[in-house]
Amino acid sequence: MNPATVKPWFTDLQQDIVSRLEAFDGKPFEADGWERPGGGGGLTRVIEEGNFFERGGVNFSHVMGDGMPASATAHRPELAGRRFEAMGVSLVLHPRNPYCPTVHMNVRCFVALADGKTPVWWFGGGMDLTPYYPFEEDVRHFHRTCKAAVLPYGGEAEYVRLRDWCDRYFFLKHRNEPRGVGGLFFDDLGADGNTDFETAFGLTQSVGNAFLDAYLPIIEHRKDLPYGERERDFQAYRRGRYVEFNLVFDRGTLFGLQSGGRTESILMSMPPVVKWRYDWHPEPGSAEARLYDEFLKPRAWA
């Protein structure tokens with residue numbers, strides 16, 4: 001697999017998503033190109049204090065190096081020491097309105113190289129939704145769109161596999177709770193040689209191309225709902241879980257930091273306003289408790 005053959009799709013995806021989000025928010029995303037001293041670089045597109053998005057970023061990166069980072073070989077120790085080339089698009093969007101969920105999407109490819117050995121390549125990606133005051137119809141819409149993206153590449157069984165993988169991955173073990181309501185997650189697609197390039201790249205494209213259809217209708221519907229300090233306070237508290245997951249567990253964050261990526265672009269995913277409280281629990285029967293009681297439990301939403 002030659003990364004040059006997939007790069008145009010990644011860069012086009014970034015531009016398409018940014019253009020649609022700019023049209024929705026009404027303010028432009030800043031463009032910040034960067035180069036990595038060890039090889040490669042990327043383009044960060046970021047918005048802060050927008051009309052709708054409090055903070056958000058859509059990153060493209062294409063990096064290479066002489067040694068695989070530890071986060072990339074933790075599950076494949078046989079690749080330790082190989083040269084690598086990686087590229088992808090990763091986004092996180094933090095709306096200001098607590099009735100509008102935070103969202104994450106990532107699609108990526110990776111090649112591990114060694115003289116005299118066959119290159120090992122794989123694709124990964126997914127998307128997941130993190131609401132604060134969720135609506136069941138929004139969660140079901142997000143999951144139905146995710147399901148439609150996967151069905152042509154393995155049917156119901158493959159969708160269930162990637163849905164369940166997402167539930168397992170975006171889970172805060174130290175809190176014993178999920179980060180949000182899930183979506184899709186996959187990794188290492190093609191690494192074992194059992195999935196051909198066209199299928200692996202096709203699924204990756206399908207997931208990336210489905211993002212706007214999964215997310216924009218939700219925020220279009222909820223963007224004008226009124227809210228107050230109570231809702232903002234709970235949003236900031238739950239955003240703390242987002243920070244904890246990204247800094248402790250997230251493979252993409254760890255890979256970026258370990259591979260010498262651009263720190264500002266990697267930490268673009270952090271929410272701008274966050275709170276922590278000691279041993280806080282929502283009042284039983286409250287809107288805040290409903291998140292825990294009804295939504296932060298893995299379900300077959302689609």
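This is a predicted model: local features need pLDDT of at least 70, side-chain atom pairs count only at pLDDT 80 or more; totals for chains, interfaces and linings use all residues.
Student: Why is α3 called oblique to α4?

Tutor: The axes of α3 (residues 136-150) and α4 (residues 155-169) come within 9 Å and cross at roughly 125 degrees. Here helices (H or I, at least four residues) and strands (E, at least two) are DSSP runs numbered from the N terminus, and axes are lines fitted to C-alpha atoms, for helices over the stretch in contact, with angles running from 0 to 180 degrees between N-to-C directions. Angles under 35 degrees count as roughly parallel, over 145 as roughly antiparallel, 65 to 115 as roughly perpendicular and the rest as oblique, and therefore α3 is oblique to α4.

Student: Which residues make the contact between α3 and α4?

Tutor: With contact meaning heavy atoms within 4.5 Å, H143, C146, K147 and V150 in α3 meet G155, E156, E158, Y159 and L162 in α4. By class, this contact of α3 with α4 has four nonpolar, two polar and three charged residues, where Ala, Val, Leu, Ile, Met, Phe, Trp, Tyr, Cys and Pro count as nonpolar, Asp, Glu, Lys and Arg as charged, and the others, Gly among them, as polar.

Student: What makes α3 roughly antiparallel to α5?

Tutor: The axes of α3 and α5 (residues 197-222) come within 8 Å and cross at roughly 160 degrees, and on the angle ranges already given α3 is therefore roughly antiparallel to α5. By class, the contact of α3 with α5 has nine nonpolar, four polar and four charged residues.

Student: Where do α6 and α9 touch, and at what angle do their axes cross?

Tutor: The axes of α6 (residues 229-248) and α9 (residues 287-295) come within 10 Å and cross at roughly 35 degrees. R230, F234, Y237 and R238 of α6 make the contact with E288, L291 and Y292 of α9, and by class the contact has four nonpolar, no polar and three charged residues.

Student: What makes a space a cavity and not a pocket?

Tutor: On a 1 Å grid over the protein atoms alone, a cavity is a set of points where a 1.4 Å probe fits but cannot get out, whereas a pocket is an open set with protein on both sides within 12 Å along at least five of seven lines, and lining residues have an atom within 4 Å of a point. The structure holds four cavities of 30 Å³ or more, and the largest cavity has a volume of about 810 Å³, a volume being the space filled by probe spheres set on grid points that are joined across faces, edges and corners.

Student: What lines the largest cavity?

Tutor: It is lined by 42 residues, of which N106, R108, G252, T253 and F255 lie nearest its centre, and the largest share of the lining, six residues, comes from β4. By class, the lining of the largest cavity has 17 nonpolar, 18 polar and seven charged residues.

Student: Which residues line the largest pocket?

Tutor: The largest pocket, with about 240 Å³ of space, has a lining that includes R175, N176, E177, Y237, R241, W280 and Y292. By class, that lining has five nonpolar, two polar and five charged residues.

Key. Residues are numbered from 1 along each chain as its sequence is written. Side-chain values use heavy atoms; hydrogens and water are left out.
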